[in-house]
Amino acid sequence: MRILFRVSSLVFALILFYMQAIAQTSITGTVADGSAKRPVEFATVQLLSLPDSLLVKGTVTDKRGRYTIDEVQGGSYLVRCSFIGYDVTLSPIFTIAVGQPSFSVSRLDLVPLSNTLDAVTVTGTRSQLNASIDRKVYNVDQDIMSRTGTASDILKNIPSVEVDVDGNVALRGSGDVMILINGKPNPLMGRTRAEVLQQLPANSIERIEVITNPSARYRPDGAGGIINIVLKKNIRSGFNGTVTVNAGNKDRYNGSLTLNFRPKKFNLFGSYSYRRDTRLRYNTIDRTYLDSLTGAEETQFNQSAVTVSHPVAHIVTSGIDYIINEQNSFGVSATYYSRRQTINSTTGNVTNDGGSLIETFNRVRRGPESERQTSGTAYFQHDFSKDGHDLRIEFNTSKENEVEDNRFSNIYMLPTQSTSFDNTLIMQEEVQNQLTADYSNQLSEDSKLEAGYDGLYDKVDLDFFGEYYDDAQSRFVKDMVRSNRFLYKQDVHAIYGTFQKAFKKFGYELGVRFEGVIGKGRLVNIDSLVDNRYFKVYPTMHLSYKITDNSEVQLNYSKRVNRPDPDELNPFPEYQDPRNLRAGNPALLPEITHSTELGYKWQDKNFTFVPSIYYRFKRNGFTSVIIALNDSTLLSTMQNLSTDQSAGIEAIISVKAGDFLTTSLTTNLFYNRINASNLGFLQSRSVYSGSATLTGSMAITKTFLMQLSGNYRSARLTAQGKTYPTLVMNGGIRKDFPKAKLSTIITVSDIFRSLRQKTILDTRYLNQLSVNRRDGLVVYFGVSYRFGIVKKEKEENMQFDNSL
């Protein structure tokens with residue numbers, strides 16, 4: 001009887017468990033910006049039971065603004081949704097019947113906050129980073145402490161992203177990354193993007209998005225992925241604005257003004273940013289030329305340079321969005337960017353042969369340079385009657401002009417000879433237009449279709465003019481060897497399609513992008529043409545499985561491309577100095593990358609853990625190589641590698657200890673193997689590398705915040721050598737004065753003066769060690785004043801000046 005009773009009890013329990021399981025309901029819904037009608041990612045969604053309004057379960061929205069709450073019992077509920085800068089939104093009350101398999105909540109439209117700010121206090125520490133498996137979003141818009149820094153400073157705090165001392169950006173160790181502005185390609189992010197990012201004020205940026213494995217909807221450029229810099233466009237109700245002024249050591253200043261007026265159907269916005277910097281740089285090169293057969297030392301060359309400049313940048317933005325009716329809206333916006341500086345440098349050059357001094361001279365440079373860009377955007381969006389069904393047509397146009405007017409003097413000490421003079425005028429113009437049409441249709445609660453056209457039309461004019469002073473004629477004469485002009489036109493036509501489907505906890509997205517490229521280059525001096533045409537298919541795949549409400553696993557794949565820039569195709573050499581030349585390679589092929597990523601995310605109220613494993617296989621990868629033209633002159637150019645493989649493990653850990661402390665640690669360990677057999681290297685080269693970023697914010701009081709951050713970058717492999725590790729530490733404090741609507745900040749960059757870059761070049765014909773460093777410690781004091789109707793802000797991270 002006891003056995004029968006136990007068996008009966010077990011069967012009864014299993015029946016109850018089964019009945020309970022089949023009685024549970026899955027709740028789904030979407031969250032959108034009520035003004036822009038666009039999905040809101042990382043919004044907090046809570047399910048509340050009635051009538052006591054107790055929290056049942058919670059989750060966050062994905063990149064499509066969707067959320068799912070599983071295993072819900074029958075009863076009456078409502079959904080509460082909140083997000084930074086928006087009012088809390090509640091759904092209508094709804095009832096779940098017992099045994100009902102699913103329920104769809106009507107779309108929740110978030111409305112921007114419209115409360116006048118009477119006080120700003122640090123009531124808790126909250127990370128500005130929202131991290132998921134395939135993307136990271138850094139909300140700079142909430143971060144008034146970034147007023148002292150630049151875009152480069154912000155990028156250093158973002159997981160997966162690295163910025164070296166020259167301002168070059170890498171994503172998971174790969175420098176092949178596409179950087180967008182407002183979701184679109186921009187000429188500013190071309191040849192001089194490192195310089196632009198070091199001057200782009202952080203207070204002009206709303207957020208930065210990093211996508212390591214984008215879907216087919218996005219352009220496939222950049223082997224490492226996409227970094228999207230979104231400039232500010234306020235959408236707050238009423239009239240409001242912010243004024244910020246910062247002053248730093250060694251004649252550094254910057255400031256900004258943002259204004260926004262939004263009554264009802266239209267939003268008018270504008271901003272102005274100013275930045276003046278001081279740059280003192282030290283560069284040394286120790287080079288030994290070797291006999292290629294015996295390896296014996298032949299000639300030693302030493303170069304040391306000191307460079308001073310005061311770059312000044314201006315950014316002006318303005319625009320208007322207008323909601324015609326519930327289904328149609330349009331907008332126009334414009335941006336003006338200007339950067340000017342005069343570079344003054346003195347470079348000492350010493351050459352020894354067999355221990356005997358044979359040449360000593362100083363090369364003095366005075367180089368005024370300027371960069372100016374104007375751009376405009378116009379869009380029209382139609383929302384069909386069904387939620388998630390829309391069409392957006394957008395046109396972007398931009399024109400960039402860059403001028404470098406370099407004046408050089410060569411002052412000789414040995415052998416004794418008269419001073420020589422030469423000048424180089426470099427003029428570059430780029431006109432870029434882009435037309436996109438994006439269609440999206442939420443076919444059902446668990447499926448979605450996206451399709452569209454993306455056309456990019458680019459024209460580049462590279463004009464190099466060189467001249468030297470002829471003593472016999474007592475005038476400057478055109479240097480026919482150093483003067484050249486290269487015209488390049490490239491049109492990229494693409495159509496794409498993606499399909500998304502979810503089966504309760506499992507979901508997938510399949511995509512494909514077809515691209516045709518028509519590129520034509522003309523070497524004007526020799527009347528020669530460079531033809532660059534190809535057609536390629538780029539598939540993508542994203543698989544996801546939601547283990548629990550707060551944990552998920554994803555497997556992603558994408559095929560990507562890195563296209564040569566026009567200056568990388570231009571074969572005419574650019575003379576940096578008599579000992580160093582740089583030229584492009586018209587035979588350079590696009591590099592193709594196959595990228596795979598497996599990631600997991602676990603998150604609760606105070607802890608986030610996002611580990612990922614990734615692998616990239618690259619063909620025709622770009623690499624910079626140094627070629628000895630003779631026993632004293634080197635040529636730097638680009639070549640294609642045979643293959644390049646890398647694999648890594650990345651982990652993001654974020655911990656919040658109440659309202660007092662927030663810390664975030666990102667580590668990235670990867671293995672890189674280069675096969676450069678096509679360049680004459682018989683053996684493959686491999687290296688283990690890594691990087692780490694640690695940030696911590698501590699609220700001493702409700703109005704006083706401290707922050708410390710550190711960035712480490714390990715040694716890296718190149719085709720002909722390696723770069724040494726780098727480490728930099730930054731710190732800062734912030735004090736709020738709530739009644740005055742005022743905040744003050746002090747930031748200190750490179751606390752230990754450790755920011756520098758060492759590079760080794762090791763080949764059969766030369767060895768070289770180069771070191772670049774700056775003058776070190778950068779200190780800023782800033783004041784920010786808010787007026788009108790602004791949104792409440794809690795924690796804010798500080799940004800620092802770590803640009804070389």
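**Rings, cores and backbone**

Mentor: The structure holds 13 aromatic pairs. Rings of Phe, Tyr and Trp (its six-membered ring) pair if their centres lie within 6.5 Å; planes under 30 degrees apart count as stacked, over 60 as edge-to-face and the rest as tilted. Take F94 and F103. Their ring centres are 4.7 Å apart and their planes meet at 15 degrees, so this pair is stacked. F94 is buried, at 7% relative accessible area. Buried means under 20% relative accessible area, exposed over 50%, partly exposed in between, with a 1.4 Å probe and protein chains only.

A word on the source. This is a predicted model: local features need pLDDT of at least 70, side-chain atom pairs count only at pLDDT 80 or more, and totals for chains, interfaces and linings use all residues. Residues are numbered from 1 along each chain as its sequence is written, and side-chain values use heavy atoms, with hydrogens and water left out.

Back to the rings. F499, F503, F506 and Y508 form a cluster, linked by ring pairs. Charges meet rings too. The charged end of K722 sits over the ring of Y724, 4.9 Å from its centre. The test is NZ of Lys or CZ of Arg within 6 Å of the ring centre and within 35 degrees of the ring normal.

Now the whole protein. Its secondary structure comes to four helices and 49 strands. Helices (H or I, at least four residues) and strands (E, at least two) are DSSP runs, numbered from the N terminus. Of the 804 residues, 53% count as buried.

In soluble globular proteins, nonpolar side chains tend to be buried together. The largest nonpolar core here has 28 residues; L155, V169, I205, I208 and I227 touch the most other members. Such a core is a set of buried Ala, Val, Leu, Ile, Met, Phe, Trp, Tyr and Cys residues joined through side-chain atoms within 4.5 Å. Elements giving two or more residues to this core include α2 (151–155), β13 (169–171), α3, β15 and β16 (225–231). A second, separate core of 21 residues includes A43, I96, L110 and V137.

Look at V169. Beyond its neighbours within four places in sequence, V169 contacts L155, V161, I179, L197 and I227, among others. Contact means heavy atoms within 4.5 Å.

S204 lies in the loop between α3 (193–197) and β15 (205–211). S204 is buried, with a relative accessible area of 8%. Its contacts outside the four-place neighbourhood are L231, K232, S273 and I315. V140 is 64 residues from S204 along the chain, yet their C-alpha atoms are separated by 9.1 Å.

Finish with the backbone. Most residues other than glycine have a negative phi, and most peptide bonds are trans. A cis peptide bond joins L414 and P415, with omega about -10 degrees. P415 sits in the loop between β25 (389–414) and β26 (420–444). D251 has a positive phi, near 65 degrees, and is not a glycine. D251 lies in the loop between β17 (238–248) and β18 (252–262). At 33% relative accessibility, D251 counts as partly exposed. S474 is not a glycine either, and its phi is positive at about 55 degrees. S474 belongs to the loop between β27 (447–470) and β28 (475–478). With a relative accessible area of 51%, S474 is exposed.
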